[in-house]
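Please look over the sequence and the structure below before reading on.

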Amino acid sequence: MRNFNLENSAGSGELAGDASGWELDAGPDSLAFRSAMRRFVGGVTVITTLHEGRPWGMTVSAFTPACMEPPTVLVCVNKDTVTGGDITKDRRFAVNILSQDQIEISQHCSRPREDKFVDHFVVPAEEVPGRVQMPVLKHSLITFDCKVNMTIVASSHLVILASVSSILAPAAKRPLLYGEGRYMHGISLEAVAV
Ligand SMILES: Cc1cc2nc3c(=O)[nH]c(=O)nc-3n(C[C@H](O)[C@H](O)[C@H](O)COP(=O)(O)O)c2cc1C
């Protein structure tokens, strides 16, 4: 690895600059990878499961749609988490894509090894269609109720492919974003002129 100023890259995001123009110039280095990934801005989800019969949540940004027919999603969850254990055991979870109204629950559900029961954040059962099995979080942009198809163990993480059994979305809300190590608001949702 050369020309890699970790402090600068991980912190301010300022360009260090050199003759080559690369701020990051690394091989398969985990710190360089983490620093690189800070530049990726994306949505945030809370994965909900039933833990000891109660709604439990974990903040996860490693979510992507995988295919349309049938509707399938992919999430990556550290295998040593409570959520990873719940999903392995029950093969069910919901992905709640967060809106800007949900920073509080995102913070709550990202505290390692703390109690992440989310009873108070869940839409009451009588307001959710009967076919939905996993907890639906209030104010979510979208909730996908999912059933696990396949799990791959990739080092520290479970890569989980799951089919979508139900889709719930309220009237449009603004998405919560995360990148550069912080939550972000205020993106323009207007189309870029091309
Ligand atoms: C914005 C954000 C995104 C996160 N994304 C992931 C993720 O994609 N996968 C993951 O395993 N952990 C992710 N985490 C970390 C988990 O939320 C955190 O480790 C969680 O508290 C684990 O719960 P447990 O170990 O107490 O069960 C993320 C944290 C934050 C703040």
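Two residues are in contact if their C-beta atoms, placed from the backbone, lie within 7 Å. By that rule, and leaving aside neighbours within four places in sequence, Ser-165 is in contact with Arg-131, Asp-145, Cys-146 and Lys-147. This is a predicted model, in which local features need pLDDT of at least 70, side-chain atom pairs count only at pLDDT 80 or more, and totals for chains, interfaces and linings use all residues. Residues are numbered from 1 along each chain as its sequence is written.

Ser-165 lies in strand β8. Helices (H or I, at least four residues) and strands (E, at least two) are DSSP runs, numbered from the N terminus. Between Ser-165 and Arg-131 there are 34 residues of sequence separation, while their C-alpha atoms are 8.3 Å apart. Is Ser-165 buried or partly exposed? A residue is buried if 20 or more other C-beta atoms lie within 10 Å of its own, exposed if 12 or fewer, and partly exposed in between, with C-beta atoms placed from the backbone. Ser-165 has 17 C-beta neighbours inside 10 Å and therefore counts as partly exposed.

Strand β8 belongs to an open sheet of seven strands, in the order β3-β2-β6-β7-β8-β5-β4, with antiparallel pairing. The edges are β3 (54-60) and β4 (63-67); each has a single partner strand, so one side of each is left without a neighbour in the sheet. From one strand to the next, the twist averages 35°. Two strands are said to pair if DSSP finds at least two bridges between them. Strands of a sheet pair through backbone hydrogen bonds, either parallel or antiparallel.

The pairing can be followed strand by strand. Seven bridges join β2 to β3 in the antiparallel sense, and one of the facing pairs is Thr-45 with Val-60 in β3. The hairpin of β2 and β3 has two residues between the strands, and Glu-52 takes a positive phi near 50° there. Strand β2 (residues 45-51) also pairs antiparallel with strand β6 (residues 92-97), over four bridges. In β6, Thr-45 has Ile-97 as its bridge partner, Val-46 stands opposite Asn-96, and Thr-48 has Ala-94 as its bridge partner. Helix α3 (residues 82-90) packs on the sheet, touching β2, β3, β5 (72-78), β6, β7 (142-154) and β8 (157-168), and its direction makes about 60° with that of β2. Such directions come from axes, which are lines fitted to C-alpha atoms, for helices over the stretch in contact, and angles run from 0 to 180 degrees between N-to-C directions. Strand β6 is joined to β7 by six bridges, again antiparallel; Asn-96 has Thr-143 as its bridge partner in β7.

Which of these strands are covered? In β2, five of the seven residues are buried. In β6, five of the six residues are buried, so β6 is largely enclosed by the rest of the structure. In soluble globular proteins, nonpolar side chains tend to be buried together. A nonpolar core is a set of buried Ala, Val, Leu, Ile, Met, Phe, Trp, Tyr and Cys residues joined through C-beta atoms within 7 Å. The largest such core has 31 residues, of which Ile-47, Val-77 and Val-95 touch the most other members. Strands β2, β3, β5, β6, β7 and β8 each give two or more residues to this core, and the largest share, four residues, comes from β6. Not counting residues up to four places away in sequence, Val-95 touches Thr-45, Ile-47, Phe-63, Val-73, Val-75, Phe-144 and Cys-146.

A second open sheet has three strands in the order β1-β9-β10, with antiparallel pairing. Its edge strands, β1 (42-43) and β10 (182-184), each pair on one side only. Two bridges join β1 to β9 (residues 177-179), and Gly-43 stands opposite Leu-177 in β9.

The ligand is surrounded by 17 residues, the closest being Ala-62, Asn-78, Thr-81, Val-82 and Ser-110. A residue is near a molecule if its C-beta atom, placed from the backbone, lies within 6 Å of it. At least two residues of the shell come from each of β3, β5 and α3. By class, the shell has nine nonpolar, six polar and two charged residues. Here Ala, Val, Leu, Ile, Met, Phe, Trp, Tyr, Cys and Pro count as nonpolar, Asp, Glu, Lys and Arg as charged, and the others, Gly among them, as polar.
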